[in-house]
Amino acid sequence: MTTSLSSLQSWIDTIAAQTLPDNIHWCNGSEEEYNLLIEKMNNSGDLQELNKENYPDCYLHRSDPSDVARVEHLTFICTKNKDDAGPNNNWMAPTEAHQKIDRLFDGAMKGRTMYVIPYCMGPIDSPYARCGIEITDSAYVVVNMKLMTRMGSLALQRIESEGNFVKGLHSTGELDPEKRFIMHFPDELTIKSIGSGYGGNALLGKKCHALRIASWQARKEGWLAEHMLIVGVESPQGDTHYIACAFPSACGKTNLAMLIPPNSQPGWKIWTLGDDIAWLHLDEHGQMCAINPEAGYFGVVPGTNAKTNKNAFDMIKNKTIFTNVGLTENNEPWWEDKDIGKPTIDWKGKPFDAANSPAAHPNSRFTVSASNNPAYSKLAEAPEGVPISAIVFGGRRKTLAPLVYEAKNWEHGVLVGAGVASETTAAATGEVGVVRRDPMAMKPFCGYNFADYWDHWLSFSKRSSNLPKIFHVNWFRQNEAGKFLWPGFGENLRVLRWIIDRCENRVPAYTTAIGNLPNAKDIDISDLDISSEVLEELLSVKNNEWLDEINSIGEYFKSYGDRLPDALNQEFIKLKAGLT
Ligand code: SAT
Ligand code: MN
């Protein structure tokens, strides 16, 4: 397969001349192609087939032990002006960045196959979808992209008729952390990534395209590319509300998107639209609608069991690629809190030794097509997307943030989002558990200056009088003994129900300095082992603690200087005044 689009063909020719692959394979996205590549990797040892009876068509991939998570310090936004990338990004001048990374690509694919992957982010017939081509020398990337995106001939056809696409160039290079870079050139709609074969560093459709490049395109074109799950909540009466939630990586987006209502909530149903990324736009009535640009899940494995996420637990029992999990004696995948079986081999392929390390890497992942999810919503394929009733921000906070609160209006909601902070997780290299600012859960993913991004968010209130309500949740509050106060998982439905009640004006709330909080009686805790004191603690707002928080947000905002939107500053001043 070649292409009728001469700009695409000449780019492929140029890259081939530079990287010198042994051969070029244009991916058509067929099942045969997937199976052949799986077989090839199974033979080469890149993949290991798992227990055929209990895990049919499931494989284990072990990435290099130095290459197990996103590498934020090696990820760059390369705009002409440094200020356009902002203090939230590492920046490098485009010419310097190209030179630096191109040198590493010279001859990088010698002895390897160069795969050309046409893919579409979003339903193939959606006006809101966007296409790209990823060139890679990793067959693991190809099979993951097959599960995660609409990949192959239809995407190529769309690219050929539109004439434009995001260019992604990837090589695993030498897997040397010293020669590893993930670079984005928003003006050129180009991504170059070398030296890593892991997840978000290598599957360029995901964070690199659908968030960093797309957020930049979205600003130009008047929409939003966000790090959000999309979930449909169907009531026993049969009406469904769609909610988009932004939480940092490894904070439970997949679990919330696939939530199973507990027995105490009869008649409620949850539909998954997406678990990681939402593209939001306004329709002609000013209604905010969302599509999920992805077609599969790259989810955190540890902690997945029949109690925490039965849908996911069942979904990853067939046609799933596991990355960096352990193995049981009978060749089944194993991870911490799987609750069944015992590990004998760890994620590095060594005999498991509990004293040494966990069996599965804390950031081990499953890749699976969304079609495996029993709760997958048919509307995830709708070209126009689904109408969003509420936007929910959140993070991991041991203290401070109540279980849920509602922003007073859109502008205040933008401040709530901009002030999000969360304890870091294993999804990125670096220390785990330190609180850092993660505005809109986009800190690692916003492809331009956050100040301009907040301004863009604020601009939506001028374009619609009908915007979703904005909320903030915290499932992770602990007592002094370090015990979680809220059970989380399926029980989070109780909080979503309050959010929906607020969207429908069905319940009052009480006003505090930080926003509107539930009256305790409006959060259903029937059948839960939670005392009214604990619920009160979960819903408490301590102004002195919040004053420290707001001062820390103020310090953070200072790094954006004059570029900080005035309307955001005004909201900040109002909030601070309310606390003193
Ligand atoms: O960026 S990854 O795709 O590796 C996963 C994540 O951090 O959400
Ligand atoms: Mn994510």
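**Sheets and ligand shell in a predicted model**

User: In this predicted model, in what sense do strand S20 (residues 326-328) and S22 pair?

Analyst: The model is predicted. Two bridges link S20 and S22. Across this pair, Thr328 stands opposite Pro343 in S22. The sense of the S20 and S22 pairing is antiparallel.

User: Which strands stand at the edges of that sheet?

Analyst: The open sheet has three strands, in the order S21-S20-S22, with antiparallel pairing. An edge strand has a single partner strand, so one side of it is left without a neighbour in the sheet. The strands at the edges are S21 (333-334) and S22 (343-345).

User: Turn to the open sheet of five strands: which strands stand at its edges?

Analyst: The order is S2-S3-S19-S23-S18, and the pairing is mixed. Each edge strand has a single partner strand, so one of its sides lacks a neighbour in the sheet. The edge strands are S2 (48-49) and S18 (296-300).

User: What angle does the direction of helix H5 make with that of S18?

Analyst: Helix H5 (residues 139-148) packs on the five-stranded sheet. The helix touches S3, S18, S19 and strand S23 (365-369). Its direction makes with that of S18 an angle of about 115 degrees.

User: How many charged residues does the shell around ligand 1 have?

Analyst: The surrounding residues are Arg70, Tyr198, Gly199, Gly200, Lys206, Lys207, Ser249, Phe298, Arg365 and Ala427. By class, three are nonpolar and three are polar. The number of charged residues is four.

User: Which helices each supply at least two residues of the shell?

Analyst: The shell includes Gly199, Gly200, Lys206 and Lys207. Gly199 and Gly200 fall within 199-202, the span of H7, and Lys206 and Lys207 within 205-221, the span of H8. The helices are H7 and H8.

User: How far is an oxygen atom of ligand 1 from an N or O atom in the side chain of Arg70?

Analyst: Polar contacts are N or O pairs within 3.5 Å. For Gly200, a backbone N or O atom lies 2.9 Å from a ligand oxygen. For the side chain of Lys207, the distance is 3.0 Å. For the side chain of Arg70, the distance is 2.7 Å.

Notes: Residues are numbered from 1 along each chain as its sequence is written. Chains are lettered from A and ligands numbered from 1 in the order in which they are written. This is a predicted model: local features need pLDDT of at least 70, side-chain atom pairs count only at pLDDT 80 or more; totals for chains, interfaces and linings use all residues. Side-chain values use heavy atoms; hydrogens and water are left out. A residue is near a molecule or strand if one of its heavy atoms lies within 4 Å of it. A polar contact is a pair of N or O atoms within 3.5 Å; within protein, one must be able to donate a hydrogen and the other to accept it, and residues adjacent in sequence count only if both atoms are side-chain atoms. Helices (H or I, at least four residues) and strands (E, at least two) are DSSP runs, numbered from the N terminus. Ala, Val, Leu, Ile, Met, Phe, Trp, Tyr, Cys and Pro count as nonpolar, Asp, Glu, Lys and Arg as charged, and the others, Gly among them, as polar. Two strands pair if DSSP finds at least two bridges between them. Contact means heavy atoms within 4.5 Å. Axes are lines fitted to C-alpha atoms, for helices over the stretch in contact, and angles run from 0 to 180 degrees between N-to-C directions.
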